Every structure is written in structure tokens, then in C-alpha cells.
Amino acid sequence: MKDYINAFKNIFNYKDESTLKEFWNFFIINLIVNVIIRFLVKRFSLPEYLHNIYSVIILFTLISIGYRRLKNAGYSGWLFLIPILNLILALFPQKETKES
């Protein structure tokens, strides 16, 4: 859950990197929260815009954490904007660092 909250705290941070664990924890928790919100909207006849607002916020957060994840894997962060390829590249391990 810490990774989910940290993703929102770093929504406009494109300079740092995010780890494999951070990205996938956020992704899976987001799927669960999205299903719960969708269920609540349908079940209790809540306004649809609640889910739409959540989706827009998540979109920006997912782009941010995805950009940082691909940067951590050694790829251009802009590749995260290409559907499907972004999730495949996000599976790759962290890039090797040279130690002095």
C-alpha cells in the first residue's frame, strides 16, 4: 500500500526512478481499487463522474510511475506511451549500474 500512496506523492516527479516492485504494486492495487469503485458506482447508483475523476487522476499517476520505471530499466521513458509495449518493458529488471 505504501507504493500506491508514494505513486500519488510523486505524480509530477519525472526525474527519479521507480523499482519493479513499486510499479507492479501500484498497478495491481490500482486494478483492485478500480474494480471496487466501478462496483460501488453501479451498485449504489452513484454518479459516473466519480469513476471518471478517479480514472483521470490514475492516468497521470500511471504515466508518471511508468515513465520512471522504464527509466530505471534503461529505456526511454517516452516508450511508456505505446500501449502494450509499455507493460512488457516494465517487466524488465533494473539496468546495471557501474560501481567505482
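In this predicted model, asparagine 34 touches His51 and Tyr54, leaving out residues up to four places away in sequence. Asparagine 34 is part of helix α2 and, with a relative accessibility of 26%, counts as partly exposed. Its C-alpha atom is separated by 9.4 Å from that of isoleucine 58, a residue 24 positions apart from asparagine 34 along the chain.

The axes of α2 and α3 are 11 Å apart, and the two helices pack at an angle of about 170°. An angle over 145 degrees counts as roughly antiparallel, and α2 is therefore roughly antiparallel to α3. On the α2 side, the contact is made by Leu20, Glu22, Phe23, Phe26, Phe27, Asn30, Val33, Asn34, Ile37, Arg38 and Val41. On the α3 side, the residues are His51, Tyr54, Ile58, Thr61, Leu62, Ile65, Gly66 and Arg69. Sorted by class, the contact of α2 with α3 comprises 11 nonpolar, five polar and three charged residues.

The wider setting is as follows. The protein chain has four helices and zero strands, and its pattern along the sequence reads α-α-α-α. The C-alpha trace spans about 60 × 25 × 20 Å along its principal axes. Of the 100 residues in the chain, 31% are buried. Among contacts between residues at least 6 apart in sequence, 58% join residues at least 24 apart.

Helix α1, which covers residues 2-9, has Asp3, Tyr4 and Ala7 as its buried residues. These three lie on the same side of α1, because they cover an arc of only 105° around the axis. The face turned away from that buried side carries the exposed residues Lys2 and Lys9. The partners of the buried residues of α1 are α2, residues 20-43, and α3, residues 49-72, against which they pack.

The axes of α1 and α2 come within 8 Å and cross at roughly 95°. Angles of 65 to 115 degrees count as roughly perpendicular, and this is therefore the description that applies to α1 and α2. From α1, Asp3, Tyr4, Ala7 and Phe8 take part in the contact, meeting Lys21, Glu22, Asn25, Phe26, Ile29, Asn30 and Val33 of α2. The residues of this contact divide into six nonpolar, two polar and three charged.

The loop between α1 and α2 contains aspartate 16, which counts as partly exposed at 44% relative accessibility. Apart from neighbours within four places in sequence, aspartate 16 is in contact with Arg68 and Lys71. The C-alpha atoms of aspartate 16 and arginine 69 are separated by 9.1 Å, although the two residues are 53 residues apart along the chain.

A search of the whole structure finds 10 aromatic pairs. One of them joins tyrosine 14 and tyrosine 67 in an edge-to-face arrangement, with 5.4 Å from centre to centre and 80° between the planes. This pair connects distant parts of the chain, since tyrosine 14 is in the loop between α1 and α2 and tyrosine 67 is in helix α3, 53 residues apart. Tyrosine 14 has a relative accessible area of 34% and is partly exposed, whereas tyrosine 67, at 18%, is buried.

Phenylalanine 23 and phenylalanine 80 form an aromatic pair that is likewise edge-to-face, at 6.0 Å centre to centre and 85° between the planes. Because phenylalanine 23 lies in helix α2 and phenylalanine 80 in the loop between α3 and α4 (85-90), the pair ties together parts that are 57 residues apart in sequence. Both members are buried: phenylalanine 23 has a relative accessible area of 0%, and phenylalanine 80 has one of 6%. Phe23 and Phe80 also belong to one aromatic cluster, together with Trp24 and Phe27.

Note on methods:
Residues numbered from 1 in each chain as written. Predicted model: local features only at pLDDT ≥ 70, side-chain atom pairs only at ≥ 80, totals over all residues. Heavy atoms only, no water. Buried < 20%, exposed > 50% of the residue type's maximum accessible area, 1.4 Å probe, protein only. Arc of directions from axis to C-beta. Contact = heavy atoms within 4.5 Å. Axes fitted to C-alpha atoms, helices over the stretch in contact; angles between N-to-C directions. Parallel < 35°, antiparallel > 145°, perpendicular 65-115°, else oblique. Nonpolar A, V, L, I, M, F, W, Y, C, P; charged D, E, K, R; others polar. Phe/Tyr/Trp six-rings, centres within 6.5 Å; stacked < 30°, edge-to-face > 60°.
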